[in-house]
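The following note sets out numbered remarks for a colleague who wishes to examine the model residue by residue. Please read each point alongside the sequence and the coordinates.

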Amino acid sequence: MKRLLFACSTLITFNSFAQNNLVLNVDAAKTTISRQIYGHFAEHLGHCVYGGFYVGEGNTKIPNTNGVRNDVIAALKKLKIANLRWPGGCFADTYHWKDGIGPKNKRPTMVNAWWGGVTEDNSFGTHDFLNMCELIGTEPYLAGNVGSGTVQDLTDWVQYVNFNGKSPMSNLRQQNGREKPWHVTYWGVGNEAWGCGGNMTPEHYADIYRQYATFMTGWSNETKIFRIASGASSDDYNWTEVLMKNIPINMLGGVALHHYSVINWSKKGPAVDFSEEQYFQIMKQALLMDSLVIRHSAIMDKYDPQKRVALVVDEWGGWYDVEAGTNPGFLYQQNTMRDAMIAGATLNIFHNHCDRVRMANLAQTINVLQAVILTNEEKMILTPTYHVMEMYNVHQDAKMVPLTVTCNDYAFGNEKLPAISASASKDSTGAMHISLVNIDSKATQDVNITLEGGNYKTVGGRILASGKLQDHNTFAAPDKIKPVLFQGATLKGKTLSVKMPPFSVVVLELK
């Protein structure tokens with residue numbers, strides 16, 4: 001695949017900005033942007049599950065279906081989330097799935113030692129999650145307990161949710177009210193094995209993975225489940241090297257990668273009242289995703305040149321200090337235009353590396369970290385991140401259009417970042433979509449796009465923008481930030497001219 005090439009040089013002279021130039025090779029669109037890149041993450045953390053997705057079957061105040069909020073179901077359907085990862089995260093390696101099945105009044109409680117030390121009643125378990133995924137229309141991605149569980153526990157879980165014949169686990173499933181299996185495809189074999197998943201060495205985890213993966217399915221993986229290895233944290237390239245070297249390719253569906261946009265783990269900075277310097281540093285971390293994907297992919301290419309194994313970025317997003325007055329262990333933060341910049345730029349990176357990045361999960365869906373939804377009792381709001389992902393979902397399962405970018409710099413102090421992020425795709429109808437992000441906090445950017453190939457007559461689109469980087473939606477003003485029609489694009493023959501306001505996201509459609 002032809003990679004996205006950045007050649008961003010300083011073209012700024014006082015208040016005069018040269019044009020940013022993109023060249024799209026329309027006829028070279030061959031590689032599919034997997035819809036699974038648009039995955040989300042629902043950990044038992046704070047009010048993501050309890051009070052977010054799930055409010056209880058007996059709740060008469062908030063409309064729900066089997067305890068799951070109807071407004072959340074509708075919002076996530078519109079978002080077209082491709083998969084949903086559950087129950088963690090760190091929580092997954094302390095979760096014992098058999099505690100969350102059967103009559104709810106007989107389920108044992110547990111202490112969530114990772115997130116806030118709260119006691120959970122296990123009222124939201126396997127049936128609740130998998131039935132909810134059916135309501136939303138999304139693929140479940142189950143994270144198995146390797147850190148504190150056993151091989152038997154995980155193989156029993158696979159059989160419980162997937163086996164269609166007679167067996168102890170399928171019989172138990174039927175006793176608990178589900179006749180047919182759910183046929184879950186995506187399975188995580190542990191989480192962050194280098195840290196909260198057991199503080200393992202990569203060599204030890206590779207052996208553990210081989211053991212678990214062997215018994216989760218038959219020798220030839222005849223059930224065709226997609227097994228995902230616990231992957232590296234950011235730039236731990238040795239972790240990826242050891243896994244790819246020591247695990248047979250036919251035992252791997254994907255290798256995970258976790259990377260958060262964070263300034264300093266001990267002083268993350270505020271979610272709303274941040275400075276331009278803090279914004280710049282966060283965007284620097286967000287754009288680092290490009291080089292991380294390139295370098296981890298290069299290691300994978302050594303052992304898997306045919307790219308059979310996916311790079312699964314199943315935790316990504318912005319991470320800040322929690323909002324004042326909230327439980328520090330609940331990771332509740334607001335979501336501003338800065339988060340829209342992170343989402344747009346990151347998805348562009350995934351699109352442009354879709355030959356290897358074929359699955360990803362934003363952390364997290366509701367009320368935690370870079371959430372797409374925030375709830376407060378009966379109220380619900382959609383965040384700027386939600387709107388970006390909804391605008392971008394036109395790329396799902398479309399063919400990636402290779403492009404090159406020459407752009408202005410966004411400078412702060414002595415540091416510089418490329419001001420423009422972009423990706424493009426062509427869908428099954430022949431329509432082309434171009435996603436553009438101007439991360440510059442002050443300057444409007446004129447973007448000149450040359451279309452090599454294709455024959456387009458019309459251009460339309462939407463834009464997400466606001467007056468201040470710190471702007472966000474609140475329960476009092478839920479629609480302060482939302483997409484509107486974009487009037488700043490002009491198509492003349494093979495040339496497209498676009499005027500982008502500061503810190504804005506634009507998605508264009510050409511027909």
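1. Helix 9 (residues 384–392) has 9 of its 9 residues buried, so this helix is largely enclosed by the rest of the structure. Buried here denotes under 20% relative accessible area, exposed denotes over 50%, and partly exposed lies in between (1.4 Å probe, protein chains only). The buried residues of helix 9 are Pro 384, Thr 385, Tyr 386, His 387, Val 388, Met 389, Glu 390, Met 391 and Tyr 392. Helices (H or I, at least four residues) and strands (E, at least two) are DSSP runs numbered from the N terminus.

2. Some conventions apply throughout. This is a predicted model, in which local features need pLDDT of at least 70 and side-chain atom pairs count only at pLDDT 80 or more, whereas totals for chains, interfaces and linings use all residues. Residues are numbered from 1 along each chain as its sequence is written, and side-chain values use heavy atoms, with hydrogens and water left out.

3. The largest nonpolar core comprises 154 residues, and Leu 24 and Trp 316 have the most contacts inside it. Such a core is a set of buried Ala, Val, Leu, Ile, Met, Phe, Trp, Tyr and Cys residues joined through side-chain atoms within 4.5 Å. Helix 7 (residues 276–303) supplies the largest share of this core, 11 residues. A second, separate core of 7 residues includes Tyr 186, Ile 228, Ala 256 and Val 312.

4. Which residues does Leu 24 contact, leaving aside its neighbours within four places in sequence? Its partners are Val 401, Pro 402, Leu 403, Ala 424, Met 432, Ile 434, Ile 449, Thr 450, Leu 451 and Glu 452. Contact means heavy atoms within 4.5 Å.

5. The count of disulfides is 1, a disulfide being a pair of cysteine sulfur atoms within 2.5 Å. The bond joins Cys 90 to Cys 196, with an S to S distance of 2.2 Å. The torsion about this S-S bond is about -90 degrees, so the disulfide is left-handed. Cys 90 lies in the loop between strand 8 (83–86) and strand 9 (110–112), and Cys 196 in the loop between strand 12 (186–189) and helix 5 (202–216); the pair therefore ties together parts that are 106 residues apart in sequence. Both Cys 90 and Cys 196 are buried.

6. Cys 133 is in no disulfide. Cys 48 is buried at 0% relative accessibility, and Cys 133 is buried with a relative accessible area of 2%.

7. Helix 6 (residues 237–246) packs with helix 7 at an angle of about 25 degrees, their axes being 9 Å apart. Axes are lines fitted to C-alpha atoms, for helices over the stretch in contact, and angles run from 0 to 180 degrees between N-to-C directions. The two helices are therefore roughly parallel to each other; angles under 35 degrees count as roughly parallel, over 145 as roughly antiparallel, 65 to 115 as roughly perpendicular and the rest as oblique. Residues of helix 6 at this contact include Tyr 237, Thr 240 and Met 244, and those of helix 7 include Leu 292, His 296 and Ile 299.

8. Ala 232, in strand 13 (residues 226–233), is buried at 0% relative accessibility. Not counting residues up to four places away in sequence, Ala 232 touches Trp 194, Trp 239, Thr 240, Ala 256, Leu 257, His 258 and His 296. The C-alpha atoms of Ala 232 and His 258 are 6.4 Å apart, although these residues are 26 apart in sequence.

9. One joins Trp 86 and Pro 87, with omega about 5 degrees, and Pro 87 lies in the loop between strand 8 and strand 9. The peptide bond from Ala 363 to Gln 364 is also cis, with omega near -10 degrees; Gln 364 lies in the loop between strand 16 (357–362) and strand 17 (373–376).

10. Positive phi values also deserve a check. Asn 66, which is not a glycine, has a phi of about 55 degrees and is exposed, with a relative accessible area of 56%. Lys 307 has a positive phi near 55 degrees and is partly exposed, with a relative accessible area of 21%. Just after helix 1 (residues 70–79), Lys 80 takes a positive phi of about 60 degrees.
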